[in-house]
Amino acid sequence: QRWIEDGNAFLALARKNGLVAGALFIVDLGREAYYASAARDPDAPNEGAAHLIIWKALCWLRRNGYTELDMGPLPGVDAAEKEINVYRFKKAFIAN
């Protein structure tokens, strides 16, 4: 919370019918940003909130002069299936 209050990070929320369906925590690194964490409510309908929140955050970052969003490291050779699936999800947002 302190990072957000100090302007060093922001929290983006996706809402459905007034309830939070997903959240994305991004750390401000100057002209770059870091995808620190994200979550979605497992009880909320899976209607693309995770995709939408990242897309909206990318659009906001671009409009506000950010040049890059670091989405974290690549999974290692011994990565669990969940880590590989998270990587595939994030990879879908990479510009070629």
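Is Phe25 buried, partly exposed or exposed, and what is its relative accessibility? In this predicted model, Phe25 has a relative accessibility of 23% and therefore counts as partly exposed. Burial would require a value under 20%.

Phe25 belongs to strand S2, which spans residues 19-28. Its ring pairs with that of Trp3, a residue of helix H1 (residues 2-5). The two ring centres are 6.5 Å apart, and the planes make an angle of 20 degrees, a stacked arrangement. The pair joins distant parts of the chain, since 22 residues separate Trp3 from Phe25. Trp3 has a relative accessibility of 49% and so is also classed as partly exposed; the exposed class begins over 50%.

The structure contains three aromatic pairs. Another of them is formed by Phe10 and Trp60, with 4.8 Å between the ring centres. The planes of Phe10 and Trp60 stand at 55 degrees, and the pair is therefore tilted. This pair also links distant parts of the chain: Phe10 lies in strand S1 (residues 9-16), Trp60 lies in helix H2 (residues 49-63), and the two are 50 residues apart. With a relative accessibility of 34%, Trp60 counts as partly exposed. Together with Tyr66, Phe10 and Trp60 make up one aromatic cluster.

The strands that carry Phe10 and Phe25 are part of a sheet. This sheet is open and has four strands in the order S1-S2-S3-S4, with mixed pairing. S1 and strand S4 (68-70) form the edges, each pairing on one side only. On average, neighbouring strands are turned by 30 degrees against each other, with direction ignored. S1 and S2 run antiparallel and are joined by eight bridges. In one part of this pairing, Leu13 has Ala23 of S2 as its bridge partner. Helix H2 packs on the sheet and touches S1, S2, strand S3 (32-40) and S4. The direction of H2 makes about 40 degrees with that of S2.

A charged residue, Lys90, was also examined. Lys90 is located in helix H3, which covers residues 81-91. Lys90 is buried but has no salt bridge. The nearest side chain of opposite charge is that of Asp70, at a distance of 7.5 Å; a salt bridge would require the side-chain nitrogen and a carboxyl oxygen to lie within 4 Å. When residues up to four places away in sequence are not counted, Lys90 touches Tyr35 and Met71.

Terms used
Residues numbered from 1 in each chain as written. Predicted model: local features only at pLDDT ≥ 70, side-chain atom pairs only at ≥ 80, totals over all residues. Heavy atoms only, no water. Phe/Tyr/Trp six-rings, centres within 6.5 Å; stacked < 30°, edge-to-face > 60°. Buried < 20%, exposed > 50% of the residue type's maximum accessible area, 1.4 Å probe, protein only. Lys, Arg positive; Asp, Glu negative; His and termini not counted. Contact = heavy atoms within 4.5 Å. Pairing = 2+ DSSP bridges. Axes fitted to C-alpha atoms, helices over the stretch in contact; angles between N-to-C directions.
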